[in-house]
Each structure stands twice: as structure tokens, then as C-alpha cells.
Amino acid sequence: MTNSVDNILDRSADRAARATPDGVARRIRGLSDRAVAWLFVSPTIILLLAINIFPLIWTIQLSFTNYRANRPNAEIKDVGLRNYERILTDEDIWLSMQTTAHFVIWTIVLQTVIGFALAYLVDRKFRGHAFWTTVILIPMMLSPAVVGNFWRFLYQPQIGLFNYIIGYVTGTDPSSFQMLGDVDLAPWSIVIVDTWMWTPYVMLICLAGLRSIPDYIYEAAEVDRAGPFRRFWSITLPMALPFIMLAVLFRGIENFKMFDMVILLTGGGPGSLTEVASITLKREAFEAWRTGYSSAFAIILFVAVFGLANIYVKALNRVKER
Amino acid sequence: MSTNSAHSIVEPSANAKRIAGVLVVAYAIITMIPLFWIFATGTKSPPDSISYPPKILYEPSAEGYCNLFTTRTRQTQEYIESLGEPETLCEDITLRRNMVIAGPSNYVPRFINSLIIAFGSTFCAVFLGTITAYAFSRFKVPFANDLLFFILSTRMMPPIAVAIPIYLMYRELGLSDTKLGMILLYTAVNVSLSVWLLKGFIDEIPREYEEAALIDGYTRLQAFWKVVLPQASTGIAATAIFCLIFAWNEYAFAVLLTSGTAQTAPPFIPTIIGEGGMDWPAVGAGTTIFLVPILVFTVLLRKHLLRGITFGAVRK
């Protein structure tokens with residue numbers, strides 16, 4: 001059976017080879033540019049179709065059902081838009097969105113301010129600045145999960161180093177406050193760790209922004225007798241702005257998706273006070289096994305990130321064109 | 001966004017430099033404290049690690065590393081005394097705690113899983129990324145911009161959202177808790193970064209080199225292999241390290257899709273517990289071993305870091 005198929009293929013290949021003029025035959029052996037292009041692009045497209053697009057379509061389909069992954073044999077009912085309705089009116093979901101917003105906004109504010117300040121200082125080009133920049137960059141390369149797990153130890157009220165240092169500096173008793181257990185402090189505990197990890201990221205991008213400002217602009221400002229304050233506000237800041245905005249975009253997307261560091265540090269607690277959107281999603285999908293419901297939530301999150309990012313990129317392009 | 005390497009002739013004053021230097025060094029030192037504490041905790045004995053106030057000076061102990069690599073059982077005094085002299089340092093330490101080493105822990109297999117999955121997925125992502133980026137850079141691919149944007153947008157999905165259908169799909173295909181499944185998944189996640197970064201690097205290689213090779217009778221594939229690849233090697237290496245770091249550090253997919261045979265180190269390290277709570281010296285030791293490769297890579301990568309973290313949006 002296979003033999004005969006092979007034979008037919010062989011024979012038709014022979015016929016094709018005989019029918020093709022010499023030049024074209026050489027091109028086929030060497031592959032045309034078009035063929036190379038397709039050969040080079042298609043494996044990636046196939047992989048992305050299999051592992052990104054197909055699952056996305058499946059998620060959309062599941063989001064209209066009451067499917068539960070822990071009961072594969074139960075009857076799957078089409079529930080229309082009910083999952084979406086329930087999510088958008090669910091108070092817990094809105095609470096988790098607020099938690100996420102608090103986390104995203106404060107980490108961005110702190111990282112941008114500290115990161116830009118650091119970049120400005122590094123750009124003074126003191127001796128050894130390259131070495132110290134590399135040292136500062138280390139935290140952002142580490143695994144958020146493994147490092148987040150260790151911060152749990154640093155935050156221990158009695159034995160933790162963080163509490164000890166804060167107690168030493170402020171003169172309070174290190175066991176008088178609990179970063180992870182206290183209702184007021186827990187949301188800040190995750191902001192602190194994220195800021196520690198990712199401030200270097202913002203710094204690095206801001207530094208590129210500062211270095212992109214050509215010298216002659218500063219020289220012209222010097223001629224116009226603009227003071228250092230004026231130079232900062234009307235040259236440095238506006239010209240570095242597209243870079244700062246880019247850093248904010250990347251941090252915003254990343255922190256909107258935040259899961260690993262927070263789940264290991266606080267586990268969403270105390271109560272559900274630090275339960276960011278990804279943790280709520282994980283609870284619904286992999287603990288409560290409400291697959292259909294959580295699929296709808298996943299789609300809403302994706303649309304939210306995608307929509308906000310697109311609006312933001314438009315604003316960024318407008319600033320760049322100025 | 002191209003940047004200019006020339007810098008201000010308006011040189012900062014000596015004083016400004018000094019103040020900036022002091023502040024930056026102070027920040028760097030503060031930011032290193034948690035890392036220093038990880039290394040220190042790994043070399044402490046359990047009582048030293050949880051003492052109050054926290055001990056900065058202490059007698060180094062191998063107990064954390066011993067506990068990391070072994071599982072131990074508590075035994076009666078008589079049984080301990082009936083045993084002969086301990087042969088290794090770890091046996092000695094364990095005996096002093098009235099315990100006996102029962103066998104190796106899961107740390108080494110988990111670490112090896114991390115190595116296989118990280119290197120496997122990096123190889124695939126960089127291979128696919130290189131050829132795809134070359135095609136996007138040199139040929140007119142229909143819908144090229146849409147495809148590129150689509151490739152990038154796959155990174156915007158929260159990992160948990162991606163994990164729901166992947167979990168169901170892998171369950172059907174028997175890929176749950178397999179190294180192959182994890183390699184495929186990490187390749188798919190990393191290929192977006194890989195294509196974007198490498199397209200930037202390949203765009204910078206002058207087309208004239210290949211055109212000269214084509215005129216010399218090379219085929220397109222030969223020109224790609226013999227002319228473009230060597231020119232792009234720095235970019236390929238930098239991209240590979242970025243992919244490797246992602247796969248090495250990844251936690252969300254690993255914790256949801258693996259449980260045993262294919263589990264990587266990040267989901268394993270937080271589960272290291274001793275008697276009555278976390279065994280912090282063992283966690284410190286495991287974390288230290290896990291972080292060292294990344295420290296080396298960060299130093300190697302420092303010139304390309306900016307490009308990698310911004311998907312090639314900022315080049316230096």
C-alpha cells in the first residue's frame with residue numbers, strides 16, 4: 001500500500017523534474033525566496049496556533065458554558081452570557097480588581113519615581129557607575145516566586161530581618177507589627193517587594209531616555225541662561241517622557257498579570273485582602289473548578305489588558321510625535 | 001527609538017558626581033540586603049536562622065545544605081547510639097539532631113527538570129525565533145505586521161488565563177506533568193520575545209552581505225547559514241539567555257501543570273519544610289543554588305539587557 005503511494009509520488013516527481021527547465025530546477029533545489037519565507041515562518045505560526053490561538057478559542061467557547069473540569073462527564077449546558085453577567089456583578093471580583101488596581105498603581109508610582117531618580121543619578125557618571133548599575137539590576141532577573149517565598153521570612157514579626165531593621169530605624173518593637181498579617185500593612189507588603197524587584201527595570205529604560213538627549217540642546221539652554229531647574233523641567237523630563245511611558249506600559253501589563261510573587265508571599269491573605277485578579281482566577285479555575293465561569297473571567301481580563309494597552313500606546317505615540 | 005551614545009559635554013560638577021555616587025551606592029547596598037540574607041541563611045544552623053535579634057555574625061553550618069539534599073527521620077536515643085561513627089559531615093550533623101538520613105530529597109531531580117525544560121525550550125524558541133525573524137526581516141510576508149503584533153500580544157495574556165485551556169488540552173493529550181508539555185508551552189511563550197528581539201538584530205545586518213553571497217552562487221539557505229547566522233550570533237546568544245531566564249524563573253504554569261515527574265525547582269523550593277514549620281536554612285540553600293546561574297547570566301547580559309526587557313523597543 002505505502003509502496004504504491006511512494007511509487008506514484010516518485011514517478012510524478014520525475015515527470016515534474018523532466019518538465020521543468022534547468023534554471024527553475026536549480027531554483028527549486030535551492031528553494032525560492034517565497035518557499036524559504038514560508039518554511040521559516042510556518043513552524044512558529046503552527047506552534048502559536050496550537051498553544052495560543054486554539055486554547056484561546058476554546059476558552060471563549062467554554063466561557064459560554066457551565067463546564068467544570070473536575071466533572072468531565074457531566075452534561076455541558078450552554079448558559080449564554082450568564083457567566084459574564086455574574087462576573088461583572090460579583091462583588092468579590094470587583095474587590096479583587098480594586099486590589100489589583102491598588103497594587104498596579106502604587107508599584108508604578110514608586111518604581112517610576114525611584115527608578116527615574118536613580119537613572120538621573122547614574123547619568124551623573126560618577127566613578128564606578130557601570131559596576132553599581134549592574135549590581136542594582138540583579139533583583140529583576142531573579143525568580144519572583146523563589147524570591148517572594150524568601151521575603152515571607154524577611155517579614156516575620158520576631159525573627160524577620162525587615163521587621164528588625166524597620167524597628168531599629170524607627171525605634172519601635174519589631175514584633176509590634178506584622179507586614180503579612182495586618183489588614184493595613186499587607187497590601188503594602190506586596191508593593192514593597194515588587195518595588196524592590198522592578199525599580200531597576202524602570203531605571204534602565206529611563207537611563208536610555210536620558211542618554212538619548214543630545215548635548216547640543218543642553219548647550220543651547222546654557223547659552224539661553226536657563227537654570228538647572230528650568231533645564232530639568234523643559235528639556236530632561238519632556239525628552240525622557242516617551243521612555244518613562246514605555247516603562248510604565250511594560251510594568252503595568254506585567255503587574256496586572258501578577259501571580260507568582262503574591263501567591264507565595266501572602267497567598268492572597270489576610271482574608272482576601274491581597275487577592276489580585278490572577279489569584280482570584282486561579283481560585284475559581286483550579287480550586288472551585290468553575291471552568292466556564294473562570295474562562296469568562298479570563299477573557300474579560302485579557303480584553304481589559306489588551307484594550308488599556310492599545311489606548312495607552314496611542315497616547316505614547318502622540319507624545320513621541322510631539 | 002534609537003538612542004545616541006554621545007553624552008553631555010555639560011559635564012556634571014565633581015560635587016554632583018560625588019553626591020550621586022554616594023546615593024546610588026547606598027541604594028545598591030540596601031537592595032542587596034535581601035540577597036545577602038538568602039546566602040547567609042543558607043549557611044546558618046536552624047536555631048541561628050530564627051534567633052532574635054537576627055544574627056549577622058554566626059558560626060557557619062552546613063546543615064541547610066544537608067537538609068536540602070536529604071530527607072531525615074527522627075530515631076530513638078538507643079538506636080542512634082547503636083549506630084557507628086558518622087562517615088560524612090551531613091551524617092554527623094543529622095545525628096546530633098537525633099535523626100538519621102533516610103534518603104536523598106527531591107531537590108536534585110527538580111533541579112535537573114528545571115535544566116532540561118529551560119534549555120530545551122530555549123533551544124526551540126531561539127531556533128524558531130531565528131528563522132521566523134529572518135523571514136520577517138528579509139522577505140515580504142503577507143500580513144507581516146499583523147502577524148508580528150499577534151505574536152507580541154500573546155504575551156499580554158495572564159498566565160493563569162492561558163493555563164485553563166492548556167490544562168484541559170494537556171489532560172486530553174496526556175501531556176500533563178511531562179517535560180515535553182512544559183518545553184512546548186515555554187517555547188510558545190518565549191517565541192514571541194525571541195522573534196521580536198532577533199528581528200531587531202537581523203534588521204541591523206546589512207543585506208549587502210547576503211546579496212554578495214547570492215551572486216557568488218550561494219542558495220538562500222546557504223547564505224542564511226553561512227553569512228547571516230555568524231553575524232547574528234551575539235544577538236542569538238543574548239536572546240537565548242533571556243529565554244533561558246524566563247523558563248528558569250517561571251512559576252505559574254509549573255505549579256498548575258506539573259506535580260511530580262516534570263516539576264521544576266520554583267514550585268518545589270517553597271515546599272521545603274522541616275519539623276514544625278519552614279526549614280529556612282534549607283530554603284536559603286536551595287534558593288542560593290537556584291539563583292547563582294542567573295547572577296552569572298545577568299553579568300554576561302548587561303550590555304543587551306535594555307533591549308531584551310523592552311522587546312527590542314529600546315536599543316542602545
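Which residues make the nonpolar surface patch of about 580 Å²?

**Entry 1: the patch.** I was looking at a predicted model, and I found that the patch is made by A:Ile105, A:Trp106, A:Val109, A:Leu110, A:Val113, A:Ile114 and A:Trp188. I then looked up A:Trp188, which is found in helix α9 of chain A. I noted A:Trp188 as partly exposed because its relative accessibility is 31%, and partly exposed covers the range between the 20% limit for buried and the 50% limit for exposed.

**Entry 2: A:Asp194.** I stayed with helix α9 of chain A, which spans residues 186-211 and also holds A:Asp194. Is A:Asp194 buried or exposed? I wrote down buried, because its relative accessibility is 1% and the cut-off for buried is under 20%. Setting aside neighbours within four places in sequence, I listed the contacts of A:Asp194 as A:Phe103, A:Thr107, A:Gln111, A:Thr199, A:Arg251, A:Asn255, A:Met258 and A:Met261.

**Entry 3: the core.** Next I looked up the largest nonpolar core, which has 186 residues, and I noted that A:Met140, A:Trp151 and B:Phe253 are those with the most contacts inside it. Helix α9 of chain A gives the most to this core, with 15 residues. I picked out A:Met140 and, leaving out residues up to four places away in sequence, found that it touches A:Met197, A:Trp198, A:Pro200, A:Tyr201 and A:Leu204 in chain A, as well as B:Leu305 and B:Ile309 in chain B. As background, I reminded myself that in soluble globular proteins nonpolar side chains tend to be buried together.

**Entry 4: a helix in chain B.** I turned to helix α5 of chain B, residues 89-96, where the buried residues are B:Ile93, B:Thr94 and B:Leu95. What covers these residues? I found that the cover includes, from chain B, the helices α3 (63-69) and α4 (77-82) and the strands β1 (70-74) and β2 (99-104). After this helix comes B:Asn98, for which I noted a positive phi, near 60°.

**Entry 5: confidence.** Last, I checked the scores, and for the model I wrote down an ipTM of 0.87 and a pTM of 0.87. Chain B averages a pLDDT of 88, and 96% of its residues score at least 70. Over residues 1-9 of chain B, however, the pLDDT is below 50, and I noted that this stretch has 22 contacts in the model beyond near neighbours in sequence.

Key. Residues numbered from 1 in each chain as written. Chains lettered and ligands numbered in written order. Predicted model: local features only at pLDDT ≥ 70, side-chain atom pairs only at ≥ 80, totals over all residues. Heavy atoms only, no water. Helix = DSSP H or I, 4+ residues; strand = E, 2+ residues; numbered from the N terminus. Buried < 20%, exposed > 50% of the residue type's maximum accessible area, 1.4 Å probe, protein only. Contact = heavy atoms within 4.5 Å. Patch = residues over 30% accessible without salt bridge, like charges linked within 9 Å, V, L, I, M, F, W, Y side chains within 5 Å. Areas by Shrake-Rupley, 256 points an atom, 1.4 Å probe, with all protein chains shown as cover. Salt bridge = Lys/Arg side-chain N within 4 Å of Asp/Glu carboxyl O. Core = buried A, V, L, I, M, F, W, Y, C linked by side-chain atoms within 4.5 Å. pLDDT = per-residue confidence, 0-100.
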